[in-house]
Structure formats: structure tokens, C-alpha cells
Amino acid sequence: MATILRSILLSASRSQVKGLYAKECCRCLSTRLAEVGVLEPPRENGKAYDTGQLFLHKVFGYRGIVLFPWLASVYDRDAPGKIEENRFSFFLRYTEDQNTAIGKEVKGRNHMYYQVLIDARDCAHIRAQTEAVTFLGNQDNSRALYAIPGLDYVAHEDVLPYNSPETTPIQHELFDKFLQHHSDSSPSFFAKDTLKAWQEKNHPWLQLSDVHRETTEGIRVTVIPFYMGSRQTNQTHVYWWRYCVRLENQGSETVQLRERHWRIFSLSGTLETVRGRGVVGQEPLLSTELPAFQYSSHVSLQAPSGHMWGTYKMERRDGTSFDCKIPPFSLESKTDDNNNPHQFLGS
């Protein structure tokens, strides 16, 4: 789906075609092209999209709408030369043979991301988990993990904006609760008070603060960590994070993810090694036709902070393989909020 959308949209932008088309799939596996709106020129970096902006995701091809922006610090280990810094990131890497640390300082730069709703009609056809935004329950003795379906975080450069005459162009259970149509405004949707209240209430759990990137042999890995809260078990606090990983093949050679190898360092002084087949039960293939895959997972520590890093074993079509680096990222806790982040959602 993403490839068809991308080729159609790039063609449309070159020839200035008025109609914007998306591929819709039915249960019977038949497909059709349906007009969804009119393409708008993408905004240059530095000029953010507003709440209510309709868009197509340039990589995954789904229809979505912007809820609100996040200004993140991006730590890109591939960035050439000197970049304007706003923060420094310093990570400790431990070798398995020696109890020594290898430090690497990475400069961060500001970059715009967006919290968005995904059109429910597209969820089954994209290579990204659509229930990846998760929270802990609000009871200390509860191990419940809640998921909000159809939310995503999108980088500014992945937004392809369009407008639509429809009053409900996006199908999502939160669309009518969060947004209201106004034909005379641009964009033609604006935030209801319920969206503003939900954002303010759940800010600690939704906040995107750091993004980490690194490329190995044309495979770019992007990791975004989120703090989820803590639980007390047998007089011991357990701290939880979720992390979203996006893999993207920027080359021409097809590869398949076969294994993962994580190292997790806790401020308590422990170093854990985790190995396993694939990720989230899959061994995704990254090709020129389907170059990207995105998933989320969770990690817990018995300390308020730590670090993670690792590698993915990537296999080429000829059977050879290489280790693709996962950029190191910090796990930092925040002040817990005992309020239930799902109160508005009714979970």
C-alpha cells in the first residue's frame, strides 16, 4: 500500500494533479483507488503543521490527522559535520569481557514531531503497530497495561498534507471527541476542549522528548523511548518504559531481520543481555517495495534510570549477514501521576 501511495503522490506532485488518491482494501482482498482529497504543498522545516491538518504518511501510506506537535531532541549518529546543539547525550556502553565503559557524546538538535490519529480503515494494511501507545493502570497493585489504538508519532518530513471536503475524513473512535469541523478555517478542523484537556492530563505519558538514529549498511534504526510510570512490588519499585523502533532500508539490497541482541544497563548496576529471534514475533523483510517496519516493546528496571543499546542481525538474499546497530538511548523516569490516563477514553 505504501509503495502505491508514494508513487501516486509523487506523480501527483510533479504534474500538479488536483485529486489525491489512496488504495482501499476490502475483506474479500479486492482493491480499489478512492479519491481522498486535494494535495497541499508540504511545509518547510521550521513551520509546523496545525492541529486538524489531514495528511498521508510518506513511508507507511496511511491517512491521518494531526492532534498536536512535539518538539523533540534528535540524536542522529549519522549527521555529518557540526550541527546546532540544544542538548548533549552521553551514554555508557559496557563490554561483556571487561567492566569498562565506552562513552560517546552525541549532539542533539530540535526537530518537530506530531501526535496523530490513524484512519482505522488503513490500520490493517500498514507495517506498523497501531496499538503501540500504552499506559500503566493507576493502581499500585495492578499490572494492567492499556493500549490506545490508532495513535502514532510522525516526523515533520513524513507528513504529506492534503485537504478534504468531507466533514469526517478520518475514521477513528476519538475523531469526533477531539476535533470539530469548521469549513471557513484552514485547516478545516480544530481542537475541542476535550482534546486540550486530554493532552494536558496525559502529558507525562504522551510526551516525546528524545529520538535516536543510527544507520548501518543502509539500514536506519530510529528509537523513541517513553516513560510509562512505576509500580511497587514487595517494597521494590519497578519502573517501566515503552520504546518505539522504526527500521528503514535506505538502500537497494533486500535484507531480513533474523535476530535481536539487546543490552540493558540499570542505574542499580546490573547489565542484562537479551537475545531472541526476530522482533514482536516477526522477522520483517525490508526491500525497495516495502522498506520500513515499525514496532513497540516494553522494558522494566528496578532503578529510576538506565540505558539500552544493541544490534539486529540482518540477513541478505545470498545468505550472508551483518549486525545492524541499535543506537544507545537513555531510560529516564519522571514524576508519577496517579491519575488514570484512560479516564476520558473509558478504558
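**A close look at strand E15**

Tutor: Strand E15 and strand E19, the latter spanning residues 292–301, pair in the antiparallel sense over 10 bridges, where two strands count as paired if DSSP finds at least two bridges between them. Strands here are DSSP runs of E with at least two residues, and helices are runs of H or I with at least four, numbered from the N terminus. The model is predicted, so local features need pLDDT of at least 70 and side-chain atom pairs count only at pLDDT 80 or more, while totals for chains, interfaces and linings use all residues. Residues are numbered from 1 along each chain as its sequence is written, and side-chain values use heavy atoms, with hydrogens and water left out.

E15 also pairs in the antiparallel sense with strand E14 (residues 219–233), over 14 bridges. In the hairpin of E14 and E15, 2 residues lie between the strands, and Asn-234 takes a positive phi near 50°. Trp-240 in E15 stands opposite Gly-229, and in E19 the bridge partner of Trp-240 is Ser-300. E15 itself, residues 236–249, is mostly covered, with 11 of its 14 residues buried; buried means under 20% relative accessible area, exposed over 50%, and partly exposed in between, with a 1.4 Å probe and protein chains only.

As for the whole protein, it has 4 helices and 21 strands, and buried residues make up 49% of its 347 residues. Among contacts (heavy atoms within 4.5 Å) between residues at least 6 apart in sequence, 66% join residues at least 24 apart.
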